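Here are my notebook entries from a sitting with this model. Have the structure open beside you as you read.

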Protein chains: 2
Amino acid sequence: MGHVTGDGTVGKALSVLDQVAAFGRPVRFGELLAQSSYPKPTLYRFVQTLTNQHMLTYDPEQQTYALGIRLVRLAHAAWEQSTLAPIARPHIDALSAAVGETVHLAQLDNAQVLYIDKRNAGNPVQMYSQAGKVGPAYCTGVGKAMLAFSAPDVADRIIAQQSFHRFTPQTLDNAKALRDELQNIRINGYGFDREEHEPGIICIATPILSESGRVLGALSVTSTTARTNLAGLEGYVPILQDTATDIARDARNWSFPDYETKETTRM
Amino acid sequence: MGHVTGDGTVGKALSVLDQVAAFGRPVRFGELLAQSSYPKPTLYRFVQTLTNQHMLTYDPEQQTYALGIRLVRLAHAAWEQSTLAPIARPHIDALSAAVGETVHLAQLDNAQVLYIDKRNAGNPVQMYSQAGKVGPAYCTGVGKAMLAFSAPDVADRIIAQQSFHRFTPQTLDNAKALRDELQNIRINGYGFDREEHEPGIICIATPILSESGRVLGALSVTSTTARTNLAGLEGYVPILQDTATDIARDARNWSFPDYETKETTRM
DNA sequence: CAGTCAGTTTCATTATTTGAAACTTTGTTT
DNA sequence: AAACAAAGTTTCAAATAATGAAACTGACTG
């Protein structure tokens, strides 16, 4: 089920949030109960507590619970504090303008790809809609790019958690095929999505690596087979890699340079 | 401090998230401890648990904690499930295109205004950056519009919680002034922000009301004194109100019409 | 190398969570 | 309208988990 549901009461309560999120719509208490491993009063109290805490909202009319508005507020802070998004923003703007295609910025979350930002060249506005979305690691350009440059033990763990659902005939549907692909990506420094997730959708992706070689995230340019092909996308490699390098540099020169100065005041 | 920190362990742990969010940057354990009302080992275990749960992330290099990536994922679901944003999106697109100014969609969160979506007519992309942000209720157009049409007891409670900081000379800096203003807004059906929050920034706002008159949110068109004036903004009232009505209608025709059909399967 | 400080672990005490059962409320059927 | 059923809520003793004073570790400092 992904998370470590073993951190006492807090962990259990938080797992209810995932449960509600999984429904994708407001849910009744009974629906949660039917799926839950907790007894009725326990689940009931969790839901109450979370509602008090504005992590869930209750609609008295429909008698349903949905994820609460406090999450939106916290996530805004999370997005600014601990993702590459604020740093990457100007670079992605420039990249998107230069290539005239959809650009994605992603990070790894557990064993999944989490999209952090997006620029849609065609129709300008549309963003929150995508930021926050998750996707599979084994059949997206960004996912494979990040996996390829992850530490072997991390990569192994993540690969072991993939479901290898065959979305299209091109999907790499087993660990062996994926590992071979990752080897290629390591050699080239970039990877493709060859309609592996959705028919007609192709992309090229590069990892964003710190100076020490740690994977910070990944960047991709997406297009359709109607508009271009893999060779066409390959032309974007230089600008993609430059953008990735720029983002990594900014991420480094950040990390609070005046930290020492400020905190040395030793209360 | 806003939240009801009294829901046992879960409530206490969640309050740590707000604490981290308030810093607005990665924090060290000691910094949290200095501000915390919890003893060292207690806070330590909260932070550990939250990190295990991916509600916080730990940077071993800097030895800092920041809000975790799981929040971004959950918030995406929250935003789609329990805000007006997905319903309002097409209407806001149209409104923004029609008026050529910045449009905000907001809801009340506790006693604050929470911006749920934004369309920036000038520079097209920029959104997640704003969605999730909070602002004061007593000196924003959307805040006053929502307050004016809230139930008296709710409004009283919210007004009591306002800080009435005087951002500009125009800021309504006491409850009496605010109540008079709300009365006007109730009569007109819309309200202004007369540079009350930021000099040079003006806006016009209308509430989004359900058929039964409940406040669902608010909508505003923002501009600058350099480009227009209050009379100019007033010209947007019809389209603003039409948009608000349209959103309310869609919000109603939604609420899962096939709920009965689907759930009546009576396990 | 003693001293200080930030972070971590221990463990007996204490308070909270837990869940079976009983109860209330709401809506449905006869 | 009474009887019934389903969904949601409360109770309370037992079981468990949270608590925090104190002691410990390790890293940096002078």
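How many bridges join strand β3 of chain A to strand β8 of chain A? I counted 5 bridges between β3 (residues 102–109) and β8 (residues 215–224), and the two strands run antiparallel. One of the pairs I looked up is A:Val103, whose bridge partner in β8(A) is A:Val221.

Before going on, I noted that this is a predicted model, in which local features need pLDDT of at least 70, side-chain atom pairs count only at pLDDT 80 or more, and totals for chains, interfaces and linings use all residues. Residues are numbered from 1 along each chain as its sequence is written, while chains are lettered from A and ligands numbered from 1 in the order in which they are written.

**Entry: the sheet.** I then followed the open sheet of 6 strands in chain A, which has the order β5-β4-β3-β8-β7-β6 and antiparallel pairing. Strands here are DSSP runs of E with at least two residues, helices are runs of H or I with at least four, and both are numbered from the N terminus; two strands pair if DSSP finds at least two bridges between them. At the edges I found β5 (134–136) and β6 (191–194) of chain A, each with a single partner strand, so one side of each has no neighbour in the sheet.

**Entry: the chain pair.** Next I looked at where the chains meet: 51 residues of chain A are in contact with 52 residues of chain B (C-beta atoms, placed from the backbone, within 7 Å). On chain A's side, α4(A) gives the most, with 12 residues. Why do I say the copies meet through the same surface? Because 100% of the interface residues of chain A are also interface residues in chain B.

I also checked the superposition, done by least squares on the C-alpha atoms of residues with pLDDT of at least 70 in both copies. A rotation of 180 degrees with 0.0 Å of shift along its axis puts chain A on chain B, at RMSD 0.1 Å. That is the relation of a two-fold axis.

**Entry: domains.** Last, I wrote down that chain A is divided into domain 1 (8–72) and domain 2 (83–266), with bounds from an automatic or database domain assignment. Their centres, taken over C-alpha atoms, are separated by 33 Å.

Definitions and conventions: Two residues are in contact if their C-beta atoms, placed from the backbone, lie within 7 Å.
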